Each structure stands twice: as C-alpha cells, then as structure tokens.
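This report looks at strand pairing and at backbone angles that call for a second look. The sequence and structure come first, and the discussion follows.

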Amino acid sequence: MKSCAPFVSNLSRRNVDCPIEKTGHMENCVDLNIGIDDFGSLSDFVYRKAGIRFEAKKLYFLSKRIQRRMQDLGIATASEYIRNLRFSDPNGIEFQNLINLLTVNETYFFRDFPQLQSFAEHCLPELAARKASRGDTVLRILSAGCSTGEEPYTLAIILLEMLDNIKGWKVEILACDIDLNVLGKARRAVYETRSVKDVPPEYLPRYFNKNPEGSYSLKNEVKRMVRFEHMNLAEKGMLRRQGTFDFVFCRNVLIYFDDVSRKQMVDRFYVALDPRGYIFLGSSESVGRITTGFGIRRAGGHLVYYKE
C-alpha cells in the first residue's frame with residue numbers, strides 16, 4: 001500500500017455534522033390543510049413504499065413538503081393528495097417527486113475523518129492484501145444513500161491514494177440513492193466551496209478543477225470510478241441483484257428508518273457483503289444494536305464491523 005501520510009495529515013481538523021433540518025412549530029400546520037389522521041395515512045404510505053418512518057414530531061416538516069406538491073398539482077386538501085398518490089400514480093412519478101423533497105441531503109467530502117482513516121489505513125490494506133494473495137483483483141464498494149456524490153467520490157480518491165498499482169485492480173464503486181435530483185447533481189460532479197471544505201489541501205489541485213465562479217469540478221479519473229444508480233433499498237430483492245461487495249458504506253441513512261426497517265436493511269447488507277467484508281455506518285449508528293450477525297474489531301482508533 002502507498003504511504004498514508006497525505007491522508008492522515010488533515011486528521012487534526014474536526015468535522016462537525018450539521019443537524020437534520022429543524023421542523024419548526026406545530027401550530028403553523030393549521031394553514032397546511034393536514035391533520036393527524038392524514039399525516040398518519042401519508043406516513044404509513046411512505047413507510048410501506050420506502051421503509052422511511054416519519055414520527056409525529058415531523059408533522060410540520062412533512063406538511064410543508066406536501067403543501068409544495070399540492071400547489072404544483074393544484075390539489076386543495078391533503079386527503080385528495082393522498083388519494084392521488086394511492087390511486088392516480090401507477091408509475092410512481094408523484095411518489096418520487098415527494099421523496100425527492102422528503103430526504104435531507106447533508107454531506108461533504110471526507111466527512112468523518114476517523115472512520116475514513118480506519119478504512120484507508122487498516123481495513124483497505126488488509127482486505128486488498130488478502131484478495132491479491134489469491135489472485136482476486138476485483139474490488140467492489142457500495143455507497144448507499146450517496147446523496148450528491150461526495151461520499152463515493154471521497155472513497156474513490158482514497159483508493160487512488162492508497163492502493164498500489166490501482167490500474168491492476170478492477171474497481172467498482174456503486175453509489176445509489178432514492179432521490180433522483182441528488183443523483184443528477186452527483187453525476188455532474190460540480191461542488192461549491194462548502195462541499196470541499198475538508199478536502200486535504202494537497203488533494204484539491206490533484207483531483208479537482210477550480211471553476212471561474214469559484215466552484216470545483218471533479219476530474220475524470222475520479223468520476224469514472226463511480227457508477228450512480230437510482231435505487232430504493234427498501235424494495236425487496238433490489239440490492240441482491242447488484243451482486244456482492246467488499247465494503248458497504250451506509251452512513252447516516254438508517255436514522256430515517258424504524259427498528260423493523262433498520263434490521264431488514266442491515267440484514268440485506270449482510271447478504272450483500274462478501275465474507276470478511278466490512279460495513280460502515282454513521283458515527284451515531286451501531287450495527288451491534290441492530291443485529292449480532294457481524295463481528296467487531298478495532299482498526300486503529302475506530303471499531304469496525306465485518307461479516308464473519
């Protein structure tokens with residue numbers, strides 16, 4: 001493996017994840033033509049279709065987004081909008097429009113350095129050496145809930161920095177999300193300053209082109225390592241059709257699911273992982289609280305989960 005000094009050099013910077021969007025005050029919901037019963041019907045519908053559970057405290061959040069869709073469609077009441085979703089949306093186009101508004105996409109490059117350090121300096125070298133010893137030069141990574149692409153592109157940069165003879169590897173990074181809007185942005189790979197704020201300074205000119213207006217465009221050598229797919233991970237069989245992976249990244253995605261959906265999702269990731277493959281969740285999420293199917297070990301200063 002290559003020297004990890006460029007990657008480690010920026011670890012002294014501390015990342016502070018922004019909180020999920022605040023929901024505002026419940027009393028404002030009176031103007032949105034949605035009551036508790038309609039909220040329950042809609043949240044149940046979203047849960048069945050996408051596995052995402054919205055609790056009652058999210059009434060204002062959900063109502064504002066429903067109102068936006070109702071205005072676009074010329075629908076007067078939430079009840080009518082729900083009927084439209086159930087009976088007049090056979091191809092799921094309106095449901096997709098709603099999902100695009102409901103998902104919060106807070107992300108940036110090199111988010112959660114300590115976890116990425118464990119991946120780059122411990123898990124990746126160990127797994128790559130093990131595969132190379134048996135002549136296996138295929139390396140597959142899943143970035144689930146990839147949003148606008150910062151996570152999978154970060155992983156691609158790490159591979160470029162850390163893998164010896166990367167041209168001798170067949171690297172496949174599959175990045176998926178349920179939100180079509182963010183996938184379009186991810187494929188364009190043009191980012192504002194906030195998204196690249198934690199990119200190590202030496203990486204910016206190496207992997208990005210700075211545009212005249214101040215944004216940054218990712219270079220093609222990084223872009224071509226990632227394949228983006230629209231995917232509803234709650235749909236049974238969807239993930240299985242993608243084959244198996246050496247690493248699964250599903251960071252800050254499971255917070256949208258209830259306990260039942262969360263366990264179903266992690267079980268699917270378990271099946272999707274090759275033996276001794278690794279799964280990485282968000283810093284506030286724990287595989288151990290969901291299932292006992294994974295082994296756990298310390299990789300540097302971070303606990304990591306793997307398929308036994």
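## Hairpin of strands 9 and 10

In this predicted model, the hairpin formed by strand 9 and strand 10 has two residues between its strands, and G300 takes a positive phi near 70 degrees there. The two strands, residues 294-299 for strand 9 and residues 302-307 for strand 10, run antiparallel and are joined by six bridges.

Another part of the model holds an open sheet of three strands, which are arranged in the order 3-5-4 with antiparallel pairing. Because strand 3 (190-191) and strand 4 (208-210) each have a single partner strand, they stand at the edges, and one side of each is left without a neighbour in the sheet.

Strand 3 pairs with strand 5 (residues 216-218) in the antiparallel sense over two bridges, and in this pairing the bridge partner of V190 is S217 in strand 5.

Most residues other than glycine have a negative phi. Against that background, F110, although not a glycine, has a positive phi of about 55 degrees, and this residue lies in the loop between helix 5 (93-102) and helix 6 (113-133). F110 is buried, with a relative accessible area of 0%.

D112, which is likewise not a glycine, has a positive phi of about 65 degrees and is placed in the loop between helix 5 and helix 6. With a relative accessibility of 16%, D112 counts as buried, since the cut-off for that class is under 20% relative accessible area.

Methods. Residues are numbered from 1 along each chain as its sequence is written. This is a predicted model: local features need pLDDT of at least 70, side-chain atom pairs count only at pLDDT 80 or more; totals for chains, interfaces and linings use all residues. Side-chain values use heavy atoms; hydrogens and water are left out. Two strands pair if DSSP finds at least two bridges between them. Helices (H or I, at least four residues) and strands (E, at least two) are DSSP runs, numbered from the N terminus. Buried means under 20% relative accessible area, exposed over 50%, partly exposed in between (1.4 Å probe, protein chains only).
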